[in-house]
Amino acid sequence: MADAYSTLLIERHADGYAVVTLNRPEALNALNTTLTGELGDFLESVADDDSVRCIVLTGSAKAFAAGADIKEMADQAYADMYRGNFFARAHDRVASFRKPIIAAVSGYALGGGCELAMLCDFIIASETAKFGQPEINLGVAPGIGGSQRLTRAVGKAKAMDMCLTGRMMDAAEAERAGLVSRVVASDALLDEARAAAAKIAGQSILAVMANKELVNAAFETTLAQGVVFERRLFHSLFAFDDQKEGMAAFVEKRKPAFTGR
Ligand code: CAA
């Protein structure tokens, strides 16, 4: 199947994952209506496609994405933003995607770019990565979940500092603060993200989706509710062939052959 998009490059890999590269180099991958629409369409097209069990989302060496497209937004009226429900569709498509999305971030991840990276399940950053919510410099505020997800990721002190001063956080600070899961050398970024995606794609897709659902539930529930939800979902995994296969393979000292059943 051909993936023809004007702002995305898609590579599908035989080991069950796809690399999606944001491709608007002339605008440092700024998120415009076309790009966010295409990203949403791609995710929808692979939602039920078993050959794509994990996604790596990346940009260029200079920019993952430098934010929402300021030139597209600048003249919008409130009625346009409200009726168009600015980026809600793209936000919801990424947020509701049930398979893992790894953000591989090099260079700028600012404003909507930082928000898009945080919407992914985890972030692998290159040493050159820079994260920020500089909307305040434009007389506005984050609009794709940044004030909420950044605060949950790094806590109030750093989130407030970044949103109010508009300063950027480098990769080392982002790792210390818990915003990114790993920092790697720039030339190793894609290999590291691909290896993580291949590892995930080789697991039981049912267990992968359950693990993603459980970690995300931690942001929406009390600890007691979350623990009960986890226990029930853990119990329910024993209904699947993949649990029998995974445990039998361990006992028989062989590699499991998961079927997603
Ligand atoms: N929107 C539209 N175009 C952008 C852009 C953006 N967010 N960011 C960069 N570009 C464009 C520039 O206008 C420039 O285009 P031209 O060559 O046609 O002038 C091109 O990309 C290269 O950018 P620079 O020349 O500025 O590159 P630089 O290396 O000097 O600076 C930068 C890089 C510090 C990232 C700078 O481009 C910058 O500050 N960009 C804006 C960052 C920003 O404010 N992001 C938040 C946007 S608002 C938002 O995202 C709201 C929300 O939450 C939903």
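This is a predicted model: local features need pLDDT of at least 70, side-chain atom pairs count only at pLDDT 80 or more; totals for chains, interfaces and linings use all residues.
## Elements and model

Helices (H or I, at least four residues) and strands (E, at least two) are runs assigned by DSSP and numbered from the N terminus. With that numbering, Phe87 is placed in the loop between α3 (78-84) and α4.

## The ligand and its shell

The ligand is surrounded by 24 residues, and the closest of them are Lys62, Ala68, Gly112, Glu115 and Glu135. Gly143 takes part through its backbone instead, with an N or O atom 3.1 Å from an oxygen atom of the ligand. On its own the ligand has 980 Å² of accessible area, and the protein covers 66% of this.

Which elements give two or more residues to the shell around the ligand? They are α2 (70-73), β6 (108-110) and α5 (112-119), and α2, with three residues, gives the most. By residue class, the shell divides into 14 nonpolar, four polar and six charged residues.

## Helix α1 and its cover

Helix α1, made up of residues 33-46, has 14 residues, and the distance from its first C-alpha to its last is 20 Å, close to the 20 Å expected at 1.5 Å a residue. The buried residues in α1 are Leu35, Thr36, Gly37, Glu38, Leu39, Gly40, Phe42, Leu43 and Val46. Their cover includes the strands β1 (8-13), β2 (17-22), β3 (54-58) and β5 (101-105), together with the helices α4 (88-95) and α5.

## Two buried residues

Ser106 is found in the loop between β5 and β6, and because its relative accessible area is 8%, under the 20% limit, it counts as buried.

Cys54 belongs to strand β3 and is buried, with a relative accessible area of 0%. Not counting residues up to four places away in sequence, Cys54 touches Gly16, Tyr17, Ala18, Pro100, Ile102, Ala197 and Ile200. Although Cys54 and Arg98 are 44 residues apart along the chain, their C-alpha atoms are separated by 9.6 Å.

## Two residues with positive phi

Most residues other than glycine have a negative phi. Against that background, Phe87 has a positive phi of about 60° although it is not a glycine, and Lys253, also a residue other than glycine, has a positive phi near 55°.

Are Phe87 and Lys253 buried or exposed? Phe87, in its loop between α3 and α4, is buried, with a relative accessible area of 10%. Lys253, by contrast, lies in the segment after α12 (241-251), and it counts as exposed because its relative accessibility of 79% is over the 50% limit.

Definitions and conventions. Residues are numbered from 1 along each chain as its sequence is written. Side-chain values use heavy atoms; hydrogens and water are left out. A residue is near a molecule or strand if one of its heavy atoms lies within 4 Å of it. A polar contact is a pair of N or O atoms within 3.5 Å; within protein, one must be able to donate a hydrogen and the other to accept it, and residues adjacent in sequence count only if both atoms are side-chain atoms. Accessible areas come from the Shrake-Rupley method with a 1.4 Å probe; for residues, only the protein chains shown count as cover. Ala, Val, Leu, Ile, Met, Phe, Trp, Tyr, Cys and Pro count as nonpolar, Asp, Glu, Lys and Arg as charged, and the others, Gly among them, as polar. The expected span of a helix is 1.5 Å times one less than its number of residues. Buried means under 20% relative accessible area, exposed over 50%, partly exposed in between (1.4 Å probe, protein chains only). Contact means heavy atoms within 4.5 Å.
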